[in-house]
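Let's work through a couple of exercises together. Keep the structure open and try each task before reading its solution.

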Amino acid sequence: MPRPLPSRPAAALVRRRTQAERREEAEQKLLEAALQIVARRGSVRMTLAEVGEAAGYSRGLPAQRFGSKAGLLRALASSIGTRFVTKLMQAPAQPGLNAIRAHVRVYFNRRDDDWTTTRALLVMMTEGLMEASELREIIAGYNRARADAFERDLRHAIELGEVDPGVDPKATAVLLLGMLRGVMMQWLLDPAIRLEAVRDEMLAMIDALSTPRAAPRRSSGRRVRKPAGAAPS
């Protein structure tokens, strides 16, 4: 009677990951390590070697993967944006004002551990204000992309008749983005601020965009001289 074949060890049944999968995992761990460091104490004194060690890899791996510190920070900003877009996709909304409302709700309704990404982004924005900062163009590009998304939704809302055509979509997009970032910076410094109340007020402001605007009164800047003897106004 033939002997039964020995069973293969469980470990041998596990599919070996490809080189691309291992590379992707390493990059994600490096980005997460950089995110935590930047959120805690900023990026100015952060080194690539420090990021490698914090991620559990060699000190030289971040340089191999991202080329430079600026390359790592650029990838980090992109990763932060991707995380938020992923959350937006979990709360789909029709284009136009509904998409803007969904953006605001998702932004304010995140869990506590999600604020690490916001804190890191705001820290990088602040550091980008420093003279000759390598973050300036990185964060400026990130902000332009976020404002462009608001602008596209506003233009769509105008086409649908949801927003008064007198609204400037580009300027309003910058305003909406500034409100979100400004509120979050205040809240991170002062958690006593009621985010739910701020969220609801911002949603009400967005609803007001559909209200027809009165035509602005324009002045030529020239003073009109009254005839002699005219009664004072």
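**Exercise 1.** Find the largest nonpolar core and the residues with the most contacts inside it.

*Solution.* Start with the size: the largest nonpolar core has 28 residues, and F108, M184 and I206 have the most contacts inside it. Here a nonpolar core is a set of buried Ala, Val, Leu, Ile, Met, Phe, Trp, Tyr and Cys residues joined through side-chain atoms within 4.5 Å, and buried means under 20% relative accessible area with a 1.4 Å probe, protein chains only. Next, look at who contributes: helix 6 (97-108), helix 7, helix 8 (135-160), helix 9 (169-189) and helix 10 (195-207) each supply at least two residues. Helix 9 gives the most, with 8 residues. Then there's a second, separate core of 27 residues, including L30 and I138.

A quick note: this is a predicted model, where local features need pLDDT of at least 70 and side-chain atom pairs count only at pLDDT 80 or more, while totals for chains, interfaces and linings use all residues. Residues are numbered from 1 along each chain as its sequence is written, and side-chain values use heavy atoms, leaving out hydrogens and water.

**Exercise 2.** Work out how helix 5 and helix 7 pack.

*Solution.* First, the geometry: helix 5 (residues 69-89) and helix 7 (residues 115-127) pack at about 140°, with axes 11 Å apart. Now see which residues meet: L73, L76, I80 and R83 from helix 5 face T117, A120, L121 and M124 from helix 7. Finally, sort the residues of this contact: 6 are nonpolar, 1 is polar and 1 is charged.

Key: Axes fitted to C-alpha atoms, helices over the stretch in contact; angles between N-to-C directions. Helix = DSSP H or I, 4+ residues; strand = E, 2+ residues; numbered from the N terminus. Contact = heavy atoms within 4.5 Å. Nonpolar A, V, L, I, M, F, W, Y, C, P; charged D, E, K, R; others polar. Buried < 20%, exposed > 50% of the residue type's maximum accessible area, 1.4 Å probe, protein only.
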